[in-house]
Amino acid sequence: MRWLGSLSLKGAIVLGMALGILLPVLVVGPVLALDTYQRELDARITSLLKQYGNMLAQSMSTPIWHVDQPAAESFVNSLMSNPDVIRVRVEDASLGPFIFVEKPVPPGGELVQEVRPVLRDGATIGRVTIEMTTTHVQKQFMGKLVTAAVALLMQVLISFGFLFLLFEHRLMRPLRQLLGDAKRLSSGELTAPVAVMRRDEIGALAEGLDTMRENLNEQISHVRDLNATLEQRVSERTQSLNTANQELVGAMTALKTAHDEIQRSERLAALGALVAGVAHELNTPIGNCVTVASTLHDITMQFAQTSTTGITRTALTTFVDSTQHASELLTRNLNVAVELIRSFKQVAVDRTRAQRREFQLDAMVAETLLILSPSFKRSHHTIQVGVPTGITMTSYPGQLGQILTNLINNAVLHGFVEDRPGVIHIRARLLSPESIELVVADDGVGVPEGNLRRIFDPFFTTRLGQGGSGLGLNIVYNLMKDVLGGTVQVESTLGSGTQFILVMPRVARDHED
């Protein structure tokens, strides 16, 4: 049916009219012709054959009884005068064939037969058989059918011709005129109006086209008027553009200078934020050390003054206890400062110290947990490991161990509050022959949704001054991204714990620096 889409409007309408006229004729005509033929056949053959059979059976009773063959032949010959009667047979029940008359069977048509018994006083004395042909009925019907078909065809052609002329005059001719006017307008000839002006849909279309012509003519006139002063305006605009260009060059130079200044300011601001963060975090342990050192100095001076007059056992014991307590405070705070400085240095980890080698993931996790085991002996937290054996990696075990340590410390510091016992799960699996997934999860308090977007930012912590520096997860992110070549994601729901999902290649990229 694709060819229907390629037909023109005229072809489609002509085809529609032809089908609309011819299809009813082709569908209804054969039905009507068959009904007419059947009625003609019933009137001339079927009904007449029954009448002839009754008449012949009644009239042959006396000739058969008296064996009067001439009388029977006279009646039979009268029937044979009908051209449709082909054969008549009269049989005597006792003597056999009595009369048999037939004519040549004409070609075509069908033979219809009627058989009736011959009765006399209720007893069968013979039988008559009469046969008729439908050849003449068919020939006459076909003649009438051809005549009717020719008349119907002439009627269809006249109707189609009338509709075609009406369609050509009322639709196609105005459309061709509109098409010519449209081509004329497209070529720029806008002075002459559109020719087709009628009070119908074609006229409305022509009126709209003529309105468009007038509007286009006005717009073109306006454009011509504008072009008349274009050269003068171009000259003026050129001078203005030269002046503006000079101003723009100066503005671009100033903008580049400002851009450089902003970049330097941003770098200084980032450096200032880093220094402020380092100073703020180191302030507490170093301040405690200064206080303890000052106190220790005062105790020493007091002990020195006391020793000039004599040292008692009580004074000596007090001095030793105070000195020991101060030393413990100094050691603890200095260790805090050392660990904090070490964490700050880890932010800009020196890749030249990263050693890439082949190792077993389960063995590396076990070694890391062995190093962390002393700190867990004094807590109620437990670590459950689900790392299968046989996962071989060629990567940086030192950096991966640092990541694992930071995640575990983060869970202990932020996930478990009020010394509530918690469980940390460490599990791993092969995502593909080239990549590994390592998950560190806890059943702690979880992370608020607003903090998830900032959790890897440097110096972001919810426990500032309470043991949290805000660098642990930032170190995790930088090591995983820059050194191990992987990704880290965090998923958490308040009250349901937190899990960090690490996806990294089994064979890490070798860092030349």
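Buried denotes a relative accessible area under 20%, exposed denotes over 50%, and partly exposed lies in between, with a 1.4 Å probe and protein chains only. The views below show a predicted model, in which local features need pLDDT of at least 70 and side-chain atom pairs count only at pLDDT 80 or more, while totals for chains, interfaces and linings use all residues. Residues are numbered from 1 along each chain as its sequence is written, and side-chain values use heavy atoms, with hydrogens and water left out.

**View A. Salt bridge between Arg429 and Glu437.** The side chains of these two residues meet at 2.8 Å, N to O, a salt bridge being a side-chain nitrogen of Lys or Arg within 4 Å of a carboxyl oxygen of Asp or Glu. Glu437 counts as buried because its relative accessibility is 14%, whereas Arg429, at 46%, counts as partly exposed.

**View B. The open sheet of four strands.** The strands follow the order S2-S1-S4-S3 with antiparallel pairing, where two strands pair if DSSP finds at least two bridges between them, and where helices (H or I, at least four residues) and strands (E, at least two) are DSSP runs numbered from the N terminus. Strand S2 (96–102) and strand S3 (111–120) are the edge strands, each pairing on one side only. S3 is joined by ten bridges to strand S4 (residues 123–133), the two running antiparallel, and Ala123 in S4 is the bridge partner of Arg120.

**View C. Helix H4 across the strands.** Helix H4 (residues 69–80) lies across strand S1 (85–92), S2 and S4, with contact meaning heavy atoms within 4.5 Å. H4 runs at about 30° to S2, the axes being lines fitted to C-alpha atoms, for helices over the stretch in contact, and the angles running from 0 to 180 degrees between N-to-C directions.

**View D. Charged side chains Glu114 and Arg116.** In the salt bridge between Glu114 and Arg116, the closest N and O atoms are 3.0 Å apart. Glu114 counts as buried at 17% relative accessibility, while Arg116, with a relative accessible area of 21%, is partly exposed.

**View E. A network of salt bridges.** Arg87, Glu102 and Glu131 are linked in this network; the structure holds six salt bridges.

**View F. Salt bridge between Asp482 and Lys481.** The two side chains meet at 3.7 Å, N to O. Asp482 counts as partly exposed at 26% relative accessibility, and Lys481 counts as partly exposed at 48%.
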